Amino acid sequence: SILKELPYTAVFVEIELKEGKKEDIRAYQKELTEARIKKQPLDYPSAGSTFKRPKKGYASKLIDTSGLKGTRVGGAEVSEKHAGFVINKDGATAQDVLELIEKIQKTVLDDTGIHLEPEVIVLGE
């Protein structure tokens, strides 16, 4: 969103919705929730998907192929369930997470030549 780049605040949003049957919408929501539970490490805190999708491939596949699942820095860990998530396995600090992100980026870049861009937004120092 351009709002990430400029110092503006959205004060109005227009959303277009499609009409549908209540039971169809609920079934679709249930399907999405079940897929998320199967694929994402929801049993530990995280900031969600850690990296943006690169132009070639998927961040999680690149991280997994680089052998980084389970890699830890302090309490931060690359999820064994989905390598695209850095989880707070055991009292991770922000510094732990940032160092692990850097380690992932360096390893994947060295292995594949692809730079992973963080999807999470770091605020502060």
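**Sheet, core and pocket**

Analyst: An open sheet of four strands has the order 1-4-3-2, with antiparallel pairing. Strands here are DSSP runs (E, at least two residues), as are helices (H or I, at least four), numbered from the N terminus. The model is predicted: local features need pLDDT of at least 70 and side-chain atom pairs count only at pLDDT 80 or more, while totals for chains, interfaces and linings use all residues. Residues are numbered from 1 along each chain as its sequence is written, and side-chain values use heavy atoms, with hydrogens and water left out.

User: Why is one side of strand 1 and of strand 2 left without a neighbour in the sheet?

Analyst: Strand 1 (46-49) and strand 2 (72-73) each have a single partner strand and stand at the edges, so one side of each has no neighbour in the sheet.

User: What makes strand 3 and strand 4 a pair?

Analyst: Two strands pair if DSSP finds at least two bridges between them. Strand 3 (residues 76-78) and strand 4 (residues 85-88) run antiparallel and are joined by three bridges, so the pair meets the definition. Val-78 has Val-86 in strand 4 as its bridge partner.

User: Why is Glu-77 called buried?

Analyst: Buried means under 20% relative accessible area (exposed is over 50%, partly exposed in between; 1.4 Å probe, protein chains only). Glu-77 has 5% relative accessibility, so the residue counts as buried. Glu-77 lies in strand 3. Contact means heavy atoms within 4.5 Å; leaving out residues up to four places away in sequence, Glu-77 touches Phe-85, Val-86 and Leu-100, among others.

User: What makes a set of residues a nonpolar core, and which have the most contacts inside the largest one?

Analyst: A nonpolar core is a set of buried Ala, Val, Leu, Ile, Met, Phe, Trp, Tyr and Cys residues joined through side-chain atoms within 4.5 Å. The largest has 18 residues, and those with the most contacts inside it are Phe-51, Ile-63, Val-78, Leu-100, Ile-104, Val-108 and Leu-116. Helix 3 gives the largest share of this core, four residues.

User: What makes a space a pocket, and what is the volume of the largest pocket?

Analyst: On a 1 Å grid over the protein atoms alone, a pocket is an open set of points where a 1.4 Å probe fits, with protein on both sides within 12 Å along at least five of seven lines; lining residues have an atom within 4 Å of a point. The largest pocket has a volume of about 240 Å³, the volume being the space filled by probe spheres set on the points, which are joined across faces, edges and corners. Of its 15 lining residues, Ser-46, Ala-47, Val-86, Val-97 and Val-120 are the closest to its centre.
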